[in-house]
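Here is a short briefing on one protein chain. Keep the sequence and the 3D view open as you read.

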Amino acid sequence: MSAPLFEVTPETTVRLRIELPLTADEMAAALYYELHLVADDLVHDQDVRDALVLAVATEGLTAVRQRAERLCAEIAAGTVDAAWLAVCRRRLADVFAAGPVAGRPMQETRRAIARRVAAQPGMTPKQLTDALGISYQAVRRACTRMAADGQVSRDATGRYFPVSTRPAHAVLGVA
């Protein structure tokens with residue numbers, strides 16, 4: 001049985017559980033053309049995912065894909081706001097730095113671990129602790145949760161690796 005489409009918790013209103021099959025260009029266009037967005041609205045990874053879900057929910061996949069075509073045309077014509085497009089692309093790259101997102105937003109500890117594991121596959125929690133200067137318990141807890149969320153993989157000896165390489169456009173998970 002699949003997870004429910006939404007859940008209501010005391011801490012939040014409604015959190016959607018969906019996958020959006022968008023390319024990197026389609027995601028960038030969705031963010032780029034959201035008129036109400038500014039860079040401060042995209043500080044946290046969850047903000048980026050929420051903005052993408054909102055764009056698809058309000059406009060539909062077809063409209064988002066048309067935005068991508070429009071953005072390509074504007075880039076070719078030289079009429080694009082290059083600074084804003086760079087912000088949108090940079091935030092998308094940050095969100096997908098560790099591969100597919102599967103259920104949890106990437107916090108700073110997770111992002112640091114994901115980058116180190118990508119740079120040096122096969123690290124143990126102790127090696128990550130030494131390299132990152134984060135407590136062993138925090139690293140161990142984050143690695144365990146990241147493995148459960150599909151953000152890194154763990155072998156039988158307790159070493160962590162990047163998940164199998166998938167392009168950022170493959171799936172956008174939102175929780």
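This is a predicted model: local features need pLDDT of at least 70, side-chain atom pairs count only at pLDDT 80 or more; totals for chains, interfaces and linings use all residues.

The chain has 7 helices and 6 strands. Of its 175 residues, 38% count as buried.

**Overall layout**

- Read from the N terminus, the elements run β-β-β-α-α-α-α-α-α-α-β-β-β. The helices therefore sit between two runs of strands in that order, as the numbering of elements from the N terminus shows.
- Take the contacts between residues at least 6 apart in sequence. Of these, 65% join residues at least 24 apart.

**Helix 1 and helix 2**

- Helix 1 covers residues 24-32, and helix 2 covers residues 45-59.
- The two pack at an angle of about 85°, and their axes are 9 Å apart.
- Helix 1 is therefore roughly perpendicular to helix 2, because angles of 65 to 115 degrees count as roughly perpendicular.
- Helix 1 brings Met-27, Ala-30 and Leu-31 to the contact. Helix 2 brings Val-48, Ala-51, Leu-52 and Ala-55.
- By class, this contact of helix 1 with helix 2 has 7 nonpolar residues, no polar and no charged.

**Helix 1 and helix 4**

- Helix 1 also packs with helix 4, which spans residues 82-95. Here the angle is about 125°, and the axes are 9 Å apart.
- Helix 1 and helix 4 are therefore oblique to each other.
- Their crossing is right-handed.
- On the helix 1 side, the contact is made by Ala-24, Asp-25, Met-27, Ala-28, Leu-31 and Tyr-32. On the helix 4 side, Trp-84, Leu-85, Cys-88, Arg-89 and Leu-92 take part.
- The residues of this contact of helix 1 with helix 4 divide into 9 nonpolar, no polar and 2 charged.
- Met-27 and Leu-31 of helix 1 are in the contact with helix 2, and Met-27 and Leu-31 are also in the contact with helix 4.

**Helix 6 and helix 7**

- Helix 6 spans residues 125-132, and helix 7 spans residues 136-148. They pack at an angle of about 125°, with axes 9 Å apart.
- That angle makes helix 6 oblique to helix 7.
- Helix 6 passes helix 7 in a right-handed crossing.
- From helix 6, Pro-125, Lys-126, Leu-128 and Thr-129 take part in the contact. They meet Tyr-136, Val-139, Arg-140 and Cys-143 of helix 7.
- The contact of helix 6 with helix 7 has 5 nonpolar, 1 polar and 2 charged residues.

**The aromatic pair**

- How many aromatic pairs does the structure hold? The structure holds 1 aromatic pair.
- The pair is formed by Tyr-32 and Tyr-33, whose ring centres are 4.8 Å apart.
- The ring planes of Tyr-32 and Tyr-33 stand at 90°, so the pair is edge-to-face. The cut-off for that label is over 60 degrees.
- Are these two residues buried or exposed? Tyr-32 is buried, at 10% relative accessible area. Tyr-33 counts as buried too, at 11% relative accessibility.
- Both values count as buried because the cut-off is under 20%.
- Tyr-32 also belongs to the contact of helix 1 with helix 4.

**Cys-72**

- Cys-72 is found in helix 3, residues 61-77.
- Cys-72 is partly exposed, with a relative accessible area of 42%.
- Along the chain, Cys-72 and Asp-25 are 47 residues apart.

**Thr-109**

- Thr-109 is found in helix 5, residues 108-119.
- Thr-109 is partly exposed, with a relative accessible area of 29%.
- Which residues does Thr-109 touch, not counting those up to four places away in sequence? Thr-109 touches Ile-134 and Ala-142.
- Thr-109 and Ala-138 are 29 residues apart in sequence. Their C-alpha atoms are 8.2 Å apart in space.

Definitions and conventions. Residues are numbered from 1 along each chain as its sequence is written. Side-chain values use heavy atoms; hydrogens and water are left out. Axes are lines fitted to C-alpha atoms, for helices over the stretch in contact, and angles run from 0 to 180 degrees between N-to-C directions. Helices (H or I, at least four residues) and strands (E, at least two) are DSSP runs, numbered from the N terminus. Angles under 35 degrees count as roughly parallel, over 145 as roughly antiparallel, 65 to 115 as roughly perpendicular and the rest as oblique. A crossing is left-handed if the near helix is turned anticlockwise from the far one by less than a right angle, and right-handed if clockwise. Contact means heavy atoms within 4.5 Å. Ala, Val, Leu, Ile, Met, Phe, Trp, Tyr, Cys and Pro count as nonpolar, Asp, Glu, Lys and Arg as charged, and the others, Gly among them, as polar. Rings of Phe, Tyr and Trp (its six-membered ring) pair if their centres lie within 6.5 Å; planes under 30 degrees apart count as stacked, over 60 as edge-to-face and the rest as tilted. Buried means under 20% relative accessible area, exposed over 50%, partly exposed in between (1.4 Å probe, protein chains only).
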